[in-house]
Amino acid sequence: MKETISTKIIKWFYGIHGPLDEYRRNELNRIGNNIAIFLLSINLLLSFIASLLMLSTNNSELTLDIVVSVLLLTVFASLGYILYETKRHHLTEIDVEAKQEGKIKQKFIKRAIGLGLYFAIVMYGLTILIDWLPNRGALIPLLTKSSTITKAIVSGITYGILIGTWETHQIKSDPNDKKVTQNHLHQKYWLILFIIIIITGLLLMVDYRMKLATQLVVNKKRHSA
């Protein structure tokens, strides 16, 4: 039976490589419903808090900082929940023959390298855009800035390693090997990995806010001068 576009999107979003059977579909519906309830509650609460801040302080920059920070945290929390649940219920595991395991791993590693390169290019462009927008000055120095290139390379390598590690760990050459202890260790491993991702994201967010605050101070000094 040919897969519909919606089925392909669901499989791509959750990282499912095998068939989307009834068990997987029911579990994904449960995960999606939980995330929808969580995001709806957070958005309602965030809208209320943002309205109170604007009415009490009339500080649009502070309100924007809080809204953006909370939204980023909810995105990280949602992604972490998806990773944990799909791993815990074996939704993304791939059953392959032992002789095909090496070939499948090579395929996933090549895919991870491509995604890492793509992510590095995106981060490079976004960093240049963020640095250029406040003043809209010369663009060439930003293109060759060593810190921008270094951040893009590190981000691409980190993302590629995470994706490659995640997908290669979904390969299961022996479907009858179901050790509870090993599964528990895997869950701890991915929980630690998720914490690292959150810390990295927060550091990038703080770095961006510091750069933006510094730029605002510079702009105020220029206007006052």
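At roughly what angle do the axes of helix α2 and helix α3 cross? Before selecting them, note that this is a predicted model, in which local features need pLDDT of at least 70 and side-chain atom pairs count only at pLDDT 80 or more, while totals for chains, interfaces and linings use all residues. Residues are numbered from 1 along each chain as its sequence is written, and side-chain values use heavy atoms, with hydrogens and water left out.

**Helices α2 and α3**

Select residues 22–57 for α2 and residues 60–88 for α3: their axes come within 10 Å and cross at roughly 170°. The axes are lines fitted to C-alpha atoms over the stretch in contact, with angles from 0 to 180 degrees between N-to-C directions, and the helices are DSSP runs (H or I, at least four residues), numbered from the N terminus. The crossing makes α2 roughly antiparallel to α3, a term used for angles over 145 degrees.

**Helix α4**

Next, select residues 101–132, helix α4. From its first C-alpha to its last, α4 reaches 46 Å with 32 residues, close to the 46 Å expected at 1.5 Å a residue, the expected span being 1.5 Å times one less than the number of residues. Its buried residues (under 20% relative accessible area, 1.4 Å probe, protein chains only) are Phe108, Ala112, Gly116, Ala120, Thr127, Ile128 and Asp131.

**Thr148 in helix α6**

Move to Thr148 in helix α6, residues 146–168. Thr148 counts as buried, at 2% relative accessibility. Leaving aside neighbours within four places in sequence, Thr148 is in contact (heavy atoms within 4.5 Å) with Tyr124, Thr127, Ile128, Asp131 and Leu142.

**The aromatic pairs**

Finally, display the rings of Phe, Tyr and Trp (its six-membered ring), which pair if their centres lie within 6.5 Å; the count comes to two aromatic pairs. The rings of Phe13 and Tyr14 have centres 5.1 Å apart and planes at 85°, so this pair is edge-to-face, meaning over 60 degrees between planes. Phe119 and Tyr159 form a stacked pair, 4.4 Å centre to centre with 15° between the planes, where stacked means under 30 degrees. Because Phe119 lies in α4 and Tyr159 in α6, the pair ties together parts that are 40 residues apart in sequence.

Methods. Helices (H or I, at least four residues) and strands (E, at least two) are DSSP runs, numbered from the N terminus. Angles under 35 degrees count as roughly parallel, over 145 as roughly antiparallel, 65 to 115 as roughly perpendicular and the rest as oblique. Buried means under 20% relative accessible area, exposed over 50%, partly exposed in between (1.4 Å probe, protein chains only).
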